[in-house]
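Colleague: Could you take me through this model and tell me what stands behind each term you use?

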Amino acid sequence: MSLTEHLLRPLLKSSAARPLITHYDDAAGSRIELSVATAANWAAKTANWLVEEFDVEPGDEVSVELPAHWQTAGVLLGAWWCGAQVVKGGSGVAVAFVGPEAPVEQAGRTAMVALDPLGRGLGSRCPEGAMDYLAEARLSGDEFTPLLPIPDDTPALLGAPVGEVLTRARERATALGIGAGDRVLSARPWSLPDGVLDALLAPLAAGAHLVQVTNATPDKLATHREEERTTVELT
């Protein structure tokens, strides 16, 4: 079973409508909340797009160089759902996910993520050689089922297999004091692998609600802490 299925399947069965990720971008002044079902929908669209557009198969490398953002969550969960291995950079990857200001280093293999607060694509601003992830992936199917089961020994994160990544995420949740039902306030970047493990996978593995803040300032963090009634903080 894929890493995404391990993380989302129990939540989809028990509480699909509850908030899973709330993302603040304090520079943009935005707040976006994704339920479990909505996060799974974005992940499914991404997984379908990767398989249909890039023929991604289990173990194929997908580069993700993006900030902590609700759209990045969709990219990561979608990549893992179809069995891809998430890596940093590299010229031989099946596809490279980058932000809107990044150069296009692999024509036809660069997926540019707009990071727009409202989920709008780049439109005419998408440079030649890049693909507009938000505009294209949203046209893909809302549900995803791998053609074949994803074994737990499939590489998922920088060479670490699915089973090991899941175990590490659960261990980090315990070490960080994150439990089911917690509301986790985080301003940590989603660096690979430690940032993603602590600030994304650990809360999801524990069944917690993640409140992720990008471009945080101390005064804004205090406001978010009070308004979101968070119970655990990662800064």
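Modeller: Gladly, and let's start with the word "line". On a 1 Å grid over the protein atoms alone, a pocket is an open set of points with protein on both sides within 12 Å along at least five of seven lines, a cavity is a set where a 1.4 Å probe fits but cannot get out, and lining residues have an atom within 4 Å of a point. This is a predicted model, where local features need pLDDT of at least 70 and side-chain atom pairs count only at pLDDT 80 or more, while totals for chains, interfaces and linings use all residues. Residues are numbered from 1 along each chain as its sequence is written, and side-chain values use heavy atoms, without hydrogens and water.

Colleague: Which residues line the second largest pocket?

Modeller: Among them are Ser 63, Glu 65, Gly 89, Gly 90, Val 98 and Thr 110. Strands E3 (61–65) and E5 (95–98) each give two or more residues to this lining; strands (E, at least two residues) and helices (H or I, at least four) are DSSP runs numbered from the N terminus. The volume is about 150 Å³, meaning the space filled by probe spheres set on the points, which are joined across faces, edges and corners.

Colleague: What is the volume of the largest pocket, and which residues are closest to its centre?

Modeller: The largest pocket holds about 230 Å³. Of its 14 lining residues, Val 51, Val 56, Pro 58, Pro 146 and Leu 147 are the closest to the centre.

Colleague: What makes strand E1 mostly covered?

Modeller: Six of the seven residues in E1 (19–25) are buried, and buried means under 20% relative accessible area, exposed over 50%, partly exposed in between (1.4 Å probe, protein chains only).

Colleague: How do you know which strands E1 pairs with?

Modeller: Two strands pair if DSSP finds at least two bridges between them. E1 and E2 (30–35) have six, in the antiparallel sense, and E1 and E11 (209–214) have five, in the parallel sense, so both pairs meet the definition. Tyr 24 has Arg 31 of E2 as its bridge partner, and Asp 25 stands opposite Thr 214 in E11. Four residues separate E1 and E2 in their hairpin, where Gly 29 in the turn has a positive phi of about 70°.

Colleague: Last one: which residues does Ile 178 contact beyond its neighbours within four places in sequence?

Modeller: They include Ala 173, Val 184, Pro 203, Val 232 and Leu 234, where contact means heavy atoms within 4.5 Å.
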